[in-house]
Each structure stands twice: as structure tokens, then as C-alpha cells.
Amino acid sequence: MQFSKVVAAALVAWGMAAGAQAKTVAVSAERLLDVASGKYLEKPLVLIVDGRITAVERQGDKVPPNAERVDLPGVTLLPGLIDMHVHLTSSPLFGGYNRLQVTDSFWPILGTAHAKATLEAGFTTVRNVGSKDFDDVGLRQAIDAGYIEGPRIVTATYAIGSTGGHCDSTFFPPSMKQKGDAVIDSPDEGRKMVRQLHKYGAQVIKICATGGVFSHGDTPGAQQLTLDEIKAIVDEAHATGLKVAAHAHGASGIKAAILAGVDTIEHASLVDDEGIRLAIQHGAYFGMDIYNTDYTQAEGKKNGVQEENLQKDRDIGDIQRQNFRKALKAGVKMIFSTDAGVYPHGTNAKQFAVMVRYGATPLQAIQTATLNAAEALDRAKDVGQATAGHFGDLVGVKGDPLNDVTLLEHPLFVMKGGEVVRGAP
């Protein structure tokens, strides 16, 4: 690929026109879902110029003579979907110590396949909240430059944790001298780590406020970063213009994260009534990965996941789902966070049906992966809706997703930035 084409592709990736000749695409379909109102526009004609939607018209309106036509009879269009919690350079097929069977450079290469599968599944934007060796940054750069196919990636690089915590390396004996690359044990160390991660490509900061399911020797409910440590990290990140996501299963860690100003609470499995109240009061979002337990319990042992971790997963799985129902009913703002990488990439949309099963309407579930996610990313002007000014990101299904949300598991058409990824040429 010539250098000029690489630069053009990178600019178009976030919607900046590069070159004098504007590419115009006209997409027609049976109907288009307005995710803000929950209403359908019948017989839409979506005009996209240089990767951004310029107008949403009706079929029969004048189409620019130079427009590339994409006609999708019988198809329902939605905005491109957003998953706020993925690990593109991880695979569920390598659980526990099975990861040691492959070399370090295996993971970013595998990530290219995961990125493609995620995009083809209709997820045109993702937030990658944890990756070793800044692999997610390299993946983002390769996608933005047009070398490989994948969603827009908001990168967190390493997740910040405490010594011996969920985001430290805890599976090995002392003789191995293993230590996580983003371990901190004081507020000052937290501030410095934010600066270092931002220096090397972090666009969002991820912290591990509590123990985890798939770490060794800790419990999901245990708080692992102090309020002062979390606040120092959040203050430094916000001063730099970065949002903060907190891995937080336990009630005390959830509340500390919210009080420290964390923007999104990931998992929120053991949240209590006070945590729900604080989330509403402070405007924090919950990203509750309530599908993946189905996969890990069915396939985890075969993939090498240790019994300790499977038991922790069993212990909190149903509690998390019931707390999702409670938090949603109370009015907590929800985002679509799946933890893809714990289960197979490209099957992200399986979570929609579980959200509906536990109290969300199909529209509410879809809004978590469009409007809400875009707001939580602070990129609502770019993604999350299919209206003028937004990127030309579209997903097409056959039927009515407001009646059957499982249709989103099998998109017939995917477009990112005005370029067809899947479906009609």
C-alpha cells in the first residue's frame, strides 16, 4: 500500500476527509431504526460522503449522480454497534496455563482475526480494556491505516492494579519473579502510571479496583485499590482528557470507584443498594457482562480454565444477573460491555438476549450499544446514531430487532465509515 493511501485511510477512519475527490455512497433499505426515539423511518436513503452521513432522506429523493448505490430491500438498518469491554488480543480457547503454549507475539497476530470477526459481527467501535505489550495500540494503528480490517478501537493498554491483585501476575511461584506491568501501590505511583500509559497510546484508563474471577488467589468481592489511589488515578486521567473504567465486582470497590469519579463500572456483580444509589447520583455507567457465564461454564474446563476460577464464576454469575435487573430498574445508566475474549470474539451480540431476559426492553438493550456507549466514550458526535454528522456505520438485519433482538446475532449487512464490510457490494 502506498504511503498516501495509508494516510488517507487513517484520516477517513475517524471521519476526516483526505483528498479532493469526495466518495459518496447512497444506502437504501426497508427501514432505519432511530435509536433515540425507538421509531422506524420507512424506506430510508442514507447519504454518506467521505465516511460521514450527510443526510437521511427518503427513497425517491434525488441521489447525487456520482454516488455508489447500496440497495438493501427488506433490510432493517441500525447504527453500528459499540462494545465497551473487549480484549481483542485474548482468546477463550487458551484458559489457565494453556496460554504458555504459545509465544508472546502470537497474541497480537491472533488479534487481527478477532478484530475482523468483531467488525463483521456489526460492532464498528470497541473499547479494548486491557492488553499486554501495547498490542491494542498497534492493532488500532494498523486498522486506522487500512492495513487490516477491524472496528475503531479505543485503547486502554495495560490495566492498572495493585501488587497481588487481579491485574498483577499471580499464577506463578516467587522463583519466577513475575509482576504485572502496571502495578501501583500508592497514589503517586498511580498518577505516574497514568502518564506512562497515556504516553504510549492509552485513550482510556482501566483500573482493577477489586479482585476478579479469572485471577488466582483472590476473591471477586475484595477491594484492591484504596479510595485515595483510585482518586489519584482518576484525577490524573481526567486532567489529561481520558475517561476511566474500573473492573469492580465487589460492593466496597464499586462504591470507592464511583466516589473517586470513575466513569464506567465494569462487571458490578456484587453491587449493593448504596452502590446503585451512588451510581445514579454521580452519573456512573454500569457495564455488566451478563452473557459470558453461559460460555465459560459450558466450555471453560475444556479450554484449560482452572476449577478455582470456574467456581468463582459459578458463585457470582446469577447474582450479577439479578443485580443487573435491579440496577436497570432503578435507573442506572447501562452500557454494552461483554468481556469478549473470555468468550469468542464475533459473538458479542449474544448478550442482547440475556439483557432482555433480565429486564431490558429490546430498545433499551440496543441503546446500551449505541446511544449510551457513545455518550460514555464522549464520542456521541461520531458514533452511536445514524444521523447527519455521524460516521457511516450501519448494521442491517432481516426483520424487526425491536421484536426479536436475537436478529442482531446474525447481521446481513455491515458498513463502517461508508465502506461495505459485509453484505451487498
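Q: Taking helices (H or I, at least four residues) and strands (E, at least two) as DSSP runs numbered from the N terminus, where is Phe134?
A: Phe134 is in the loop between β7 (123–128) and α3 (135–144). This is a predicted model, in which local features need pLDDT of at least 70 and side-chain atom pairs count only at pLDDT 80 or more, while totals for chains, interfaces and linings use all residues. Residues are numbered from 1 along each chain as its sequence is written, and side-chain values use heavy atoms, with hydrogens and water left out.

Q: What is phi of Phe134 near?
A: Near 55°, a positive value in a residue other than glycine. Most residues other than glycine have a negative phi.

Q: Buried or exposed, or in between, for Phe134?
A: Phe134 counts as partly exposed, at 24% relative accessibility. Buried means under 20% relative accessible area, exposed over 50%, and partly exposed in between, with a 1.4 Å probe and protein chains only.

Q: And Asp50, what is its phi near?
A: Phi of Asp50 is also positive, near 50°. Asp50 lies in the loop between β3 (44–49) and β4 (52–58), and it counts as buried at 16% relative accessibility.

Q: Switching to rings. How many aromatic pairs does the structure hold?
A: It holds 10. Rings of Phe, Tyr and Trp (its six-membered ring) pair if their centres lie within 6.5 Å; planes under 30 degrees apart count as stacked, over 60 as edge-to-face and the rest as tilted. One of the pairs is Phe94 with Trp107: the centres are 5.4 Å apart and the planes at 85°, so this pair is edge-to-face.

Q: Where do Phe94 and Trp107 sit in the chain?
A: Phe94 is in the loop between β6 (81–86) and α2 (106–120), and Trp107 is in helix α2, 13 residues apart. The pair thus links distant parts of the chain.

Q: What about Phe106 and Trp107?
A: Phe106 and Trp107 are also an edge-to-face pair, 5.1 Å centre to centre with 90° between the planes. Trp107 is buried at 6% relative accessible area, whereas Phe106 is partly exposed at 26%. Phe94, Phe106 and Trp107 form one aromatic cluster.

Q: Which charged end sits over the ring of Trp107?
A: That of Arg99, 4.0 Å from the ring centre. A charge sits over a ring if NZ of Lys or CZ of Arg is within 6 Å of the ring centre and within 35 degrees of the ring normal. The charged end of Arg152 sits over the ring of Phe391, 4.0 Å from its centre.

Q: On to helices. How many residues of α6 are buried?
A: Seven of the 10 residues of α6 (residues 251–260) are buried, so this helix is largely enclosed by the rest of the structure. Among the buried ones are Ile254, Lys255 and Ile258.

Q: What covers the buried residues of α6?
A: The cover includes α5 (227–239), β11 (243–248), β12 (264–267), α7 and β13 (285–287).

Q: Which residue follows α6?
A: Gly261, whose phi is positive, near 100°.

Note on methods
Contact means heavy atoms within 4.5 Å.
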